[in-house]
Amino acid sequence: MKKNLFMTVAAAALLLSGCDYNDKYFDWLDEATVPTDVKTLEYKLETADYATISSNSSNVAIAKAAGVSAQLTAVKTNMYLTDVINAETYIPAFLAAKWYTADDGSSVKVTYQKMEGVPAYVTALNATSTYKVSNTDYATVWGSSSSNKFFTPTVKASAYIPTFLKTAYPSAQTGAIVAVDYNQSEKEPSGSVIGLNETVDAYLTTSSTKAELAGWLNITTTGTYFWNGKNFSSNGYIQASAYKHTSPLETYMISPSVSIKSGMKLSFDACYGNYTAAGGTLSVLVSENFSGETAADVAAATWKDITSNFKIEIPTTTYGTLAKAGEADLSSYAGKNVRIAFKYTGDGGTPAATTTIQVDNMVVKSEGAGGTDVYAATTALYAFDGTKWAPYSANANAYMMTKADFNLLNSTYDNFSSTMNPDVYLPLFLSKKYLLIEGTVVTPVYKFYNSTTKVTTVRADEYTYTSGAWVKNNGIVTVTDQFVRNVGKWTYNPSVVITLVAGKNLPESAKYYQAITDAVKAEKGGQYVTSHGNNDYYYGGSAYQNNFDFRPSAWKAQTTEYANMTDEQLTALMYKRLPESFIYALKAIHSDAAPVAGVDVTYTFNFVVYDGTNNTNYTIVYKVTGVGEFTYVEGSLAKK
């Protein structure tokens, strides 16, 4: 403190008196040591730090540019990093803010939680947010006077939820995922009568140039094209278009005969694609006297145009979102049978009346009284593709757990928690839900309630059914990475900690031990390598058991070289040679490792030694001394 104060006074004197005064009385200033703040720290991220990383303005900008804002936001509640939101990219800004006085040459070893071994789609699912369909939302579906608070087979959730999410997430980025809670009834409201319920999905599982729906007629009266059958994201629908055609087009999709009862209404979902104001139009028609199946039969029938009851939203991008276009009261036809036609008129010539029309979920029904209906709470995933929201379909392995699924586990809640550990209960759930077929992969997506923070988040874990059990393919591990400050900037130092898990059929561990054995055969001689080629007794590395086999009996059985040594002498030789062994593996597998100026870049191995009785955990450290060059750090070989 005194020195800083003195320096301030000296600076003031310099300004007042000029260089001569400074040279005469303070000639030692040029040689004075400038104060530095070179830190060498080890730091473990605390709960609040994950929130800080998540909200750091520099990180927010990086994530936005990379299109992973949702994943960064999730760090706050998940409290772990991932391969997408990785330490190398997102911790430097945190360090710069936390230790802003640090000078070049500073280093911090940061210990943090990371979800490892996770496919990209699982990482994206772990950034899922939640939305609950509200009473206000249901009112927009059924009308403000209705007491219905659910969806039904004809009033499909997928037709309305995208609109709710568009309002709730106006700035959603491509790839955003939301778990939507809503009520679902397996029946229509009490008193409802259904005359027509065409969801299209059962017939249009693949796209076709001519849609074929049971009982419907697809008739073209002008041109050569028909209503197409389309399937996108597992949703079937019909489509008509003159887009990129060169001639006029008029085509009809005509329903089966519908018996109309009082109170029945027609509704359907629709959207525009490649919209032009010049046209490409949809007309909705009703006929009491249509019969036959030809263009002439269409012309001979009397059709009433009820199109004015419907409105399709004009899209702001290439395609809109299939959504309810309105409804028309058909009560005037009560007691009669009618046919309903969806007529497309377009022209690929001039003017370019080429707008594409998509239609789905054609329903004729009366709504019923409602109010006494049975429904259940459920949850479904929706994703944003940059233009619109739709049911999640990015990966077929993903499954969103519902309240009914938790009932299978005797839980009255719809989430896991600290008292209901998903790692314990998910294998049980999967065994109840899925056929036990070797190699089956399932990614349950579920809610998790943190009893400490009182926050519910969405998580996802990938499981594979293997060797008679459901095995989790990912997990939260503790990782330590080193960061250094050079030229005013914190950067990741690529020191690595490698844990070689012992046991059979572990390819990530085996590749290191196999590299050691291959080097022994090439440089020391084949007499040290077993007949299977995956175990050597020069260093003792085993790519079969993924450990070091330090049984003197096994070494002596392999080669007579050790015959005259006592077990104690041979064991001492084993540990003397061991530090040299991993250098071969490092050169083979990490040949691109390079030093970083001012920082020790190290590779640390955690591994197992088997002595015939015990499996003992060890650690050992190597320093990167050149590109692809490694040196054993003396004294680092130790039991853990």
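Visitor: What makes α4 a helix, and which cavity lining does helix α4 give the most to?

Guide: Helices are DSSP runs of H or I with at least four residues, strands are runs of E with at least two, and both are numbered from the N terminus; helix α4 covers residues 69-78 and gives the most, four residues, to the lining of the second largest cavity. This is a predicted model, in which local features need pLDDT of at least 70 and side-chain atom pairs count only at pLDDT 80 or more, while totals for chains, interfaces and linings use all residues. Residues are numbered from 1 along each chain as its sequence is written, and side-chain values use heavy atoms, with hydrogens and water left out.

Visitor: Why is this called a cavity, and which residues line the second largest cavity?

Guide: A cavity is a set of points, on a 1 Å grid over the protein atoms alone, where a 1.4 Å probe fits but cannot get out, and lining residues have an atom within 4 Å of a point. The residues lining the second largest cavity include Q71, A74, V75, N78 and Y80.

Visitor: How do you know the volume of the largest cavity?

Guide: Grid points are joined across faces, edges and corners, and the volume is the space filled by probe spheres set on the points; for the largest cavity this comes to about 190 Å³, and for the second largest cavity to about 70 Å³.

Visitor: Which strand supplies the largest share of the lining of the largest cavity?

Guide: Strand β11 supplies the largest share, five residues, and of the 18 lining residues T154, V155, Y160, S267 and K324 lie nearest the centre of the largest cavity.

Key
On a 1 Å grid over the protein atoms alone, a cavity is a set of points where a 1.4 Å probe fits but cannot get out, and a pocket is an open set with protein on both sides within 12 Å along at least five of seven lines; lining residues have an atom within 4 Å of a point.
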